[in-house]
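Please read it alongside the sequence and the structure.

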Amino acid sequence: MNIEEWEEYRYVEAGIEAFITDMEDSRLKKMVEHVCHSGGKRVRPILLLLASDVCSGSYKKSLDAALAVEMMHSASLVHDDLLDQGLIRRNLPSAPEQFGPSRALLCGDYLIAKSIELISPYGEKVVRVFGKAGMDMAEGEVLDLRLDEEEFGEEAYFECIFRKTASLFAVSALIGAYAGGADDVGAEKFSLFGKYLGTAYQIVDDLLEFLEVLEEKESKVTSETLPQIYASKMGREKAVERSIEEVEKYVRAAKEVLNTFRECPARDKLFLTTDYVTLDLLEKS
């Protein structure tokens, strides 16, 4: 499976390219181009478009919301690299490493502001949940910094990734559903699907880093992850097994929610995407 061959991926890429082309400040444009063109699967905006499609919406009407999600995600990566003193991101120099921390910070701020502009036409309800997701992400980062110096155990880890990672997956699917015309009950089901998928995705990412097979990222400061927490209690091999069990549990939960949606090609792609960013990555490694 190659997600880059999908219509949804090309649609998002074209939207990002148009946004960058229209930028006037050449210095800021260079930074935004570096951040937005440094790879990435565009999973979150694709989830939004597919959720909209399942709810009988159109990609044309949902695209700006999808781009808003991607801008928020890109900004979070820039800020994450500032916090973690990231050196490499997706096999390229991180924004702080390439342009310096001050300029990288401003680039992240610009992307957040752009995301607000893009999401604003979708109405108060959507803007509120989008803003809440941004706050959740910031709160997750604070938890990750462990400023209170308390022990960072399994419960704290899941609270952290629910906020830091899963919240944006959840709001992507939620906003897509709203953009497609879903009611609150239907939209909340999409949100739950996104939360489960985002949780599984983050555990996989942490596990691959733990196994030292994730070579596209390098930071001076690292987070406490689920495999490390398990390894401190039960050893490396058992920690890997337990982490995989957690991934499988959340993937099953995500698919159970997907099974409640109407059958259509977009739902089929949501199933494929779920495996693509979780179980397929584990199998390859």
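Over the ring of which residue does the charged end of arginine 236 sit? The ring is that of phenylalanine 210, and the charged end of arginine 236 is 4.8 Å from its centre. The model is predicted.

**Aromatic pairs and charges over rings**

- The model contains seven aromatic pairs.
- In one of them, the ring centres of phenylalanine 169 and tyrosine 201 are 5.2 Å apart and the planes stand at 45°, so this pair is tilted. Planes under 30 degrees apart would count as stacked and those over 60 as edge-to-face.
- Phenylalanine 169 and tyrosine 201 are both buried.
- Phenylalanine 190 and phenylalanine 261 form a stacked pair, because their ring centres are 3.9 Å apart and their planes lie at 10°.
- Phenylalanine 190 is in helix H9, whereas phenylalanine 261 is in the loop between helix H11 (236–258) and helix H12 (265–276); the pair therefore ties together parts 71 residues apart in sequence.
- Phenylalanine 190 is buried at 3% relative accessibility, and phenylalanine 261 is buried with a relative accessible area of 6%.
- One aromatic cluster is made up of Tyr157, Phe158, Phe162, Tyr196 and Tyr250.
- A further charge lies over a ring: lysine 269 is placed over the face of tryptophan 6, at 5.0 Å from the ring centre.

- In soluble globular proteins, nonpolar side chains tend to be buried together.
- The largest nonpolar core has 68 residues, and those touching the most other members are Val32, Leu111, Ile175, Phe190, Phe193 and Leu270. Helix H4 (residues 59–84) supplies the largest share of this core, with eleven residues.
- Beyond residues up to four places away in sequence, leucine 270 touches Leu47, Leu50, Val54, Phe190, Phe193 and Leu258.
- A second core is separate and has 20 residues, including Ile203, Val204, Leu208 and Tyr250.

- Helix H4 has 26 residues and reaches 36 Å from its first C-alpha to its last, close to the 38 Å expected at 1.5 Å a residue.
- Because 20 of the 26 residues of H4 are buried, this helix is largely enclosed by the rest of the structure.
- Helix H1 (residues 7–21) has 15 residues; its reach from first C-alpha to last is 21 Å, close to the expected 21 Å at 1.5 Å a residue.
- Glu8, Tyr9, Val12, Gly15, Ile16, Phe19 and Ile20 are the buried residues of H1. They cover an arc of only 135° around the axis and therefore lie on the same side of H1.
- An α-helix has 3.6 residues a turn, so residues three or four places apart point the same way.
- The packing partners of the buried residues of H1 are helix H2 (26–36), helix H3 (43–54), H4, helix H6 (101–119) and H12.

- Tyrosine 196 lies in helix H9 and is partly exposed, with a relative accessible area of 21%.
- Not counting residues up to four places away in sequence, tyrosine 196 touches Tyr250, Ala253, Ala254 and Val257.
- From C-alpha to C-alpha, tyrosine 196 and aspartate 81 are 25 Å apart in space, and they are 115 residues apart in sequence.
- Threonine 225 is located in the loop between strand S3 (217–219) and helix H10 (226–234) and counts as buried at 7% relative accessibility. Leaving aside residues up to four places away in sequence, threonine 225 touches Tyr157 and Asp206.

**Positive phi in two loops**

- Arginine 42 is found in the loop between H2 and H3. Its phi is near 60°, a positive value in a residue other than glycine.
- Glutamate 212, in the loop between H9 and S3, has a positive phi of about 60° although it is not a glycine.
- Is each of these residues buried or exposed? Arginine 42 counts as buried at 4% relative accessibility, whereas glutamate 212 counts as exposed at 66%.

Technical notes:
Residues numbered from 1 in each chain as written. Predicted model: local features only at pLDDT ≥ 70, side-chain atom pairs only at ≥ 80, totals over all residues. Heavy atoms only, no water. Phe/Tyr/Trp six-rings, centres within 6.5 Å; stacked < 30°, edge-to-face > 60°. Buried < 20%, exposed > 50% of the residue type's maximum accessible area, 1.4 Å probe, protein only. Helix = DSSP H or I, 4+ residues; strand = E, 2+ residues; numbered from the N terminus. Lys NZ or Arg CZ within 6 Å of the ring centre and 35° of its normal. Core = buried A, V, L, I, M, F, W, Y, C linked by side-chain atoms within 4.5 Å. Contact = heavy atoms within 4.5 Å. Expected span 1.5 Å × (residues − 1). Arc of directions from axis to C-beta.
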